[in-house]
Amino acid sequence: MNSLEKADKGSQRFRYIKLCIFFSGLSVFAQLYLFQPMLPMAAEQFKVSVGDTSLLVSSSTIGMALGLLFFAFKADSYSRKGLMTFSLVSSALLTIVSTWIPSLSLLIAIGICKGFVVSGVSAVALAYLTEEVNAAVIGAAISMYLSGNTIGGMSGRILATILAGELGWRNAVLIIGIESLILGAIFWRLFPESKFFNPQKTDYHLKVKQMKFFFTNPYMLRLYIIAALVMGVFVSVYNYLTFRLEAQPFSLSHFIIAFIFLMYTFGVFGTMTVGKLSKKLPTNTILKVSILSMLVGALLLLSENLYILIFGLGLFTFSFFAAHTMASQMAALYAKRGKSSATSIYWLFYYFGSSILGSGTGYLLHSYSWNVFIAFLVIAVVAALLLATANTPKDKKN
């Protein structure tokens with residue numbers, strides 16, 4: 001087969017790939033962050049601190065990071081479709097089981113397990129797209145996957161907030177679990193099998209060599225650290241924004257706060273915008289501008305004017321997803337060989353950033369103030385901007 005036989009715009013195969021890759025992102029992120037808007041409820045129910053309840057979110061992302069480390073070695077041993085289907089179905093079942101778990105510690109343990117199994121999707125999704133989709137439309141396919149991530153994160157948070165308020169948190173978890181199981185079944189039925197990849201026995205020596213290259217390559221290492229920083233900052237804001245909006249001077253109701261997560265729609269625009277711009281402008285230029293815009297949005301979150309804060313959140317969200325789309329695309333395309341290893345390491349950093357900063361900043365907020373919390377996040381975004389500024393690809397070989 002040659003590149004002309006890869007899935008291209010207008011073909012049924014490309015339509016099924018876009019639809020199912022969108023559904024996979026929808027399912028994964030609806031499950032990963034469904035507890036995020038319920039952290040104040042959890043803190044009250046379990047009588048623990050803000051930082052402790054954030055472990056309900058961080059446990060899944062820690063599991064993701066561990067799973068991605070495992071799949072960095074083993075992903076190529078499994079069918080791409082088979083691995084992704086297993087991940088989607090098994091994670092949905094774990095979410096459903098969470099409905100009947102009585103203690104915080106057990107919920108955290110299940111979160112780790114769920115993150116581990118669902119990491120199979122992130123480990124190979126970008127590799128699958130770069131293998132199976134024509135180069136001219138890879139950007140559109142990746143944007144569709146990341147849009148699924150965005151909308152999944154948004155819908156999961158909004159549904160969880162509203163359903164928890166109306167039916168209780170257990171029923172909210174159950175409904176999202178069932179929804180994810182249905183999406184997994186649709187994925188199994190419609191997602192095309194790989195044409196340009198066959199499972200192969202793991203060559204650990206080769207994998208270690210590939211991973212050593214990616215870990216020591218300055219270009220890739222900067223992209224990985226950027227992913228960790230921007231994701232950690234993003235999760236931190238959405239983890240604790242509910243606490244900020246419930247307090248003075250805003251004093252918003254739980255129901256109204258739920259719709260703040262509609263800001264995620266700006267993330268969809270962010271992924272789509274940079275997907276189109278990447279055909280016209282240098283990718284690293286887009287990445288730098290996106291991070292700079294994210295910095296401005298973070299600074300606006302200091303405002304005590306609700307309208308300015310909401311505008312800042314929209315800009316911040318748009319910019320984060322634009323930066324993440326660019327960084328992940330740059331990492332996937334840079335790797336000529338060992339794509340699954342390259343993308344697994346990207347997601348490994350991404351979710352470790354989410355876990356470490358996402359929980360660590362909660363203790364910072366608990367000990368100090370919202371302004372100190374935002375100041376710390378601004379420093380992290382500035383560091384990401386400096387890394388992006390230093391990142392010019394000089395060596396395209398691997």
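Modeller: A helix here is a DSSP run of H or I with at least four residues, a strand is a run of E with at least two, and both are numbered from the N terminus. The model is predicted: local features need pLDDT of at least 70 and side-chain atom pairs pLDDT 80 or more, while totals for chains, interfaces and linings use all residues. Residues are numbered from 1 along each chain as its sequence is written, and side-chain values use heavy atoms, without hydrogens and water.

Biologist: Which residues is S24 in contact with, leaving aside neighbours within four places in sequence?

Modeller: Contact means heavy atoms within 4.5 Å. With those neighbours left aside, the partners of S24 are M84, L88, V121, Y145 and F187.

Biologist: Are α10 and α14 roughly parallel or roughly antiparallel?

Modeller: Axes are lines fitted to C-alpha atoms, for helices over the stretch in contact, and angles run from 0 to 180 degrees between N-to-C directions. The axes of α10 (residues 218–246) and α14 (residues 306–334) come within 10 Å and cross at roughly 155°. Angles under 35 degrees count as roughly parallel, over 145 as roughly antiparallel, 65 to 115 as roughly perpendicular, and the rest as oblique. Therefore α10 and α14 are roughly antiparallel.

Biologist: How many residues in the contact of α10 with α14 are nonpolar?

Modeller: The meeting residues include Y219, F234 and L245 in α10 and L306, F320 and Y334 in α14. Ala, Val, Leu, Ile, Met, Phe, Trp, Tyr, Cys and Pro count as nonpolar, Asp, Glu, Lys and Arg as charged, and the others, Gly among them, as polar. In this contact of α10 with α14, one residue is polar, none is charged, and the nonpolar residues number 21.

Biologist: How many disulfides does the structure hold?

Modeller: A disulfide is a pair of cysteine sulfur atoms within 2.5 Å. C20 is buried at 0% relative accessibility, and C113 is partly exposed at 42%. The number of disulfides in the structure is zero.

Biologist: Which residues does the cis peptide bond join?

Modeller: Most peptide bonds are trans. In the loop between α10 and α11 (254–258) lies P249. With omega about 5°, the cis bond joins Q248 and P249.

Biologist: What is the positive phi of S251?

Modeller: S251 lies in the loop between α10 and α11 and is partly exposed, at 40% relative accessible area. Although S251 is not a glycine, its phi is positive, at about 50°.

Methods: Buried < 20%, exposed > 50% of the residue type's maximum accessible area, 1.4 Å probe, protein only.
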